[in-house]
Amino acid sequence: MGKKVKKDEKPPPDDVFDTLAVESRNAGTVVLMLSSPEEDVQSKACEAIYKFVSKCDENKKQLLDLGAVEHLLALMQSEDKIVRRNACMAVGVMTAHPEVRKYLRKQETTFPALVNLLAPDEDTVCHEFSALALSNMATEFSSKAAIFENGGVEPLIRCLVANDPDVQKNSIEALALLLMDYQTRAAIRDLDGLSPMLEVLKSDYAIIQKLALLALERASQDGENRSALRELEAISKLIDFVAHPEWNDLHVMAVMVLSNLLEDLESLELIKETGGLKRLVALITDQVPVDEEPKGGKGDKGDKGGKGSRNAKKSAKESAAKCNHGTSAKKQESADSSEPPSGEAIIPTLPDVKMCAAKAICRSARSSENRKILHEQESEKMLIHLLSHESFEVQAAAAQALAVMAENLASRDSVREWEGLGPLIKMLGSENLSVKEAATLALANLTTANSNNCQEIQTLNGIEPLITCLVDGREDAVANAACVLTNLAQIETLRVDAQNKGVVRALIEPLSSRNVTVQSKVALAVAAFVCDFDSRENFRQSDGIAPLIGLLSSGNDEVRRNAAWAVTVCAVDEPTATEICKLGGMEILQEIQMSSTRRSPFAEAALQKLLDNNLSAKYALTGNLSSTNFIENGFYDIGQLRPGTKFLTLEEYAKQEMNEKRPIILINAKPDPAFSQTQSQAELDAKQESSKTSVTGKNSRTGRDSKTHSPTDDKGSGSRNSSASKSKKTRKQQEREEKQREEELQAQLQREAEAISAAENKPFEAPCDSTLLKYIEEVTEKIQPLPTTREQVKALAGFVAEKMGGSIERGQLSNFGWELPISQIKYELKSNVVPLGKIKAGIHVHRALLFKTLADKIAVSCSLVRGEYNRAWNEVLLPEEEYSLEDVLFAFSPTPGAPKFPPKTYIVDLIHEPGSLLRVDTPEAQTYKKI
């Protein structure tokens with residue numbers, strides 16, 4: 001053995017400190033070590049801090065309070081790579097705490113340092129944690145702007161092609177957050193960052209694929225980015241991505257990106273040319289595309305989606321698996337993960353993917369050009385197929401897409417031809433309110449201006465479910481159902497069918513909704529269904545008038561407009577018009593028309609129709625009845641209605657206590673029932689009396705014969721029995737009379753109680769006017785047969801003046817006593833309501849009303865105009881007198897004796913010279929109209 005040689009170890013220099021191994025468990029001590037000038041100490045301190053802050057958030061906050069972040073920022077810019085790496089690791093982890101991020105945002109060196117660490121020559125670990133720090137910082141908007149200003153987008157894009165998956169993950173996450181800002185969306189295109197994003201989709205890690213899809217979804221919201229993605233064949237790549245069943249948890253996001261891309265017409269044209277749309281539809285509906293079906297056989301044509309072929313493939317795969325039982329797990333895994341050939345196997349997509357696909361179609365179909373292309377590619381078939389899916393979300397999304405597609409006229413017919421209305425009607429009975437709402441929306445659009453679809457809904461028994469939706473559904477569903485029913489009401493047979501099924505009653509409850517859309521659509525539906533007398537009566541008796549009138553006070557223009565239109569339709573008959581006036585509808589319409597902001601032609605039409613069918617209100621309000629307004633029984637004149645005064649019904653005026661005001665003049669030409677009953681009773685009594693007289697005469701003769709036959713027998717018998725039974729007969733007779741009196745008293749009390757009850761419950765009946773009825777019969781007999789209208793007018797004027805007290809000399813009107821007789825009539829009737837026929841002394845206002853009433857009965861056209869101070873007059877339109885011989889010779893009259901045209905307007909004198917006609921533009925006419 002050789003001799004051991006002793007190593008010559010040189011001692012350290014005298015001016016160098018010996019190596020010191022320090023063990024510390026205090027964070028403050030480690031923070032102090034960050035200030036050491038030795039790079040080895042700095043590196044170890046950073047590494048210790050990284051391990052410490054990775055444990056919990058409290059440690060991050062503790063080191064922030066100790067001032068460690070400031071030192072770490074400085075060390076991130078160190079010349080030593082290890083120090084930079086360890087410091088970057090510590091800062092990257094600490095940025096997960098919001099307080100740390102808040103501190104870093106205030107430091108000017110934060111973002112430049114992090115961006116510099118993404119340089120290509122830096123360590124991969126630096127790339128990873130620097131990208132992590134930027135992704136954490138990018139959660140706040142101010143940090144997004146700072147990263148963009150410091151040029152952080154380009155290095156992040158560069159890191160997408162790194163080999164380290166952690167670098168890729170943090171970089172794509174940071175970019176996804178930055179793409180929420182519009183500036184980054186433009187920059188990502190200029191920096192060619194879209195292509196690396198598409199490449200990242202091929203990653204083996206699902207989280208990276210998910211973040212890449214998120215980034216693409218945000219980037220594709222920009223129109224120019226969509227154009228760039230089309231050039232990169234992004235649509236085909238995304239469809240290929242959806243075709244991979246093992247990535248089904250990411251298919252939703254892929255379809256969301258496709259949804260953005262399909263907004264553009266160019267994208268739809270591209271996907272149409274490449275056949276990608278049909279392939280996407282096949283994937284969503286779990287069917288084999290036509291061009292990808294196996295050559296060996298397509299299976300049963302009636303088997304949708306090629307179920308038979310899929311079952312055959314499945315059994316073939318199972319048998320192959322049994323034969324290859326000995327193959328290794330690795331080879332089997334490789335075979336399972338490999339992409340299956342086209343048409344080899346169909347694995348159903350998840351419900352969320354189907355829902356997103358339907359929403360993508362819906363979003364793309366918002367453009368008319370896109371709807372046309374989607375219709376050409378038969379996208380409606382896919383949506384109809386999805387209507388039968390078991391998921392409520394899928395059903396609702398498909399129905400919403402069909403609703404948008406239905407804006408295309410051709411799509412409405414296609415949905416019917418492909419039997420899409422049946423599933424939609426079935427969805428009306430769904431328990432899910434969103435499904436019901438979407439179905440009603442689709443049906444509303446499909447039935448608009450399409451009578452065939454309306455007829456099909458009736459054939460499929462869809463009217464009853466729609467009526468049910470009016471009272472059992474969310475507000476939007478009610479509005480949509482009302483819209484569908486309005487469309488159906490355009491066809492008379494469907495309208496009658498819906499009315500028979502109770503649609504009028506069902507529309508009343510939604511009128512009280514607080515949703516303005518519901519109010520508007522339901523009011524329009526009311527206008528569509530109450531267009532005949534029976535439905536209006538049903539609507540009125542079901543208390544539907546009150547909520548409809550309430551909508552007239554709405555602050556929404558559309559609600560007011562549709563409610564006014566419904567009132568216009570309802571006010572066609574007098575009972576409904578009277579009810580509307582009773583409930584204050586006329587006052588509301590007047591108020592609307594007085595407003596400068598709310599007035600509309602619809603409110604004006606409603607008010608005019610209301611007044612035309614309630615002439616009492618029209619005359620009180622406007623003081624004018626035209627020649628087309630015919631006075632009927634039930635008309636009453638209350639005088640000029642003062643502003644702010646409510647117009648009451650005749651029953652309400654009749655129940656008022658008698659006062660000294662002018663009477664309410666009533667037109668009710670009917671025979672008096674009491675008089676008729678008395679007359680009929682008198683006739684009956686006369687007949688009974690005559691018959692009794694004849695019978696009595698016969699008995700009297702018989703009696704005489706009897707008396708002459710045995711006069712002594714009767715006398716003898718009476719004398720024998722009278723004394724024996726006198727006392728007994730008296731007592732029995734008294735008891736019988738007392739009992740009879742008690743019964744009569746009880747019967748009388750019962751009759752009085754019944755009469756009082758009947759009077760209280762008896763409906764109001766207007767006083768009858770048999771005198772006016774006689775007037776009508778008389779003028780019909782004597783005046784109506786006259787040959788010309790002029791003669792009829794003159795004769796009728798004389799008749800009216802005669803019945804109203806005769807003519808009055810000029811200047812003597814004040815001496816004509818008419819007020820006292822009318823007051824006496826009011827006193828006799830114990831009422832303020834006076835039938836017109838009872839007035840025997842009347843002036844202008846009474847005579848003009850009687851003239852108008854009688855003229856309407858004999859078809860003499862005239863108007864009634866109210867003036868001031870009890871003035872009223874009638875205007876008639878008559879041709880001038882016949883042509884004279886001079887007119888024939890010099891005016892080229894076609895026929896001698898023919899009337900002159902155009903006709904002139906005359907005022908009929910009913911006071912001074914009854915029957916004379918005054919031209920309206922003459923002084924005599926003006927004098928007649930004024931005092």
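## Ser 36 and a helix pair in a predicted model

Let's start in a loop: Ser 36 sits between helix 1 (27-33) and helix 2 (39-53). Keep in mind that this is a predicted model. From there we'll go to the chain as a whole, then to the place where helix 22 meets helix 24.

**Ser 36**
- Buried or exposed, where does Ser 36 fall? Its relative accessibility is 14%, and because the cut-off for buried is under 20%, Ser 36 counts as buried.
- Setting aside neighbours within four places in sequence, Ser 36 is in contact with Val 41 and Gln 42.

**The chain as a whole**
- The protein chain has 50 helices and eight strands.
- Of its 931 residues, 44% are buried.
- Take the contacts between residues at least 6 apart in sequence: 69% of them join residues at least 24 apart.

**Helix 22 against helix 24**
- Helix 22 (residues 351-364) and helix 24 (residues 379-386) have axes that come within 11 Å and cross at roughly 140°.
- As for handedness, the crossing of helix 22 and helix 24 is left-handed.
- Which residues meet here? On the helix 22 side they are Lys 354, Ala 357, Ala 358 and Ile 361, and on the helix 24 side Met 382, Leu 383 and Leu 386.
- Sorted by class, this contact of helix 22 with helix 24 has six nonpolar residues, one charged and no polar ones.

Technical notes: Residues are numbered from 1 along each chain as its sequence is written. This is a predicted model: local features need pLDDT of at least 70, side-chain atom pairs count only at pLDDT 80 or more; totals for chains, interfaces and linings use all residues. Side-chain values use heavy atoms; hydrogens and water are left out. Axes are lines fitted to C-alpha atoms, for helices over the stretch in contact, and angles run from 0 to 180 degrees between N-to-C directions. Helices (H or I, at least four residues) and strands (E, at least two) are DSSP runs, numbered from the N terminus. A crossing is left-handed if the near helix is turned anticlockwise from the far one by less than a right angle, and right-handed if clockwise. Contact means heavy atoms within 4.5 Å. Ala, Val, Leu, Ile, Met, Phe, Trp, Tyr, Cys and Pro count as nonpolar, Asp, Glu, Lys and Arg as charged, and the others, Gly among them, as polar. Buried means under 20% relative accessible area, exposed over 50%, partly exposed in between (1.4 Å probe, protein chains only).
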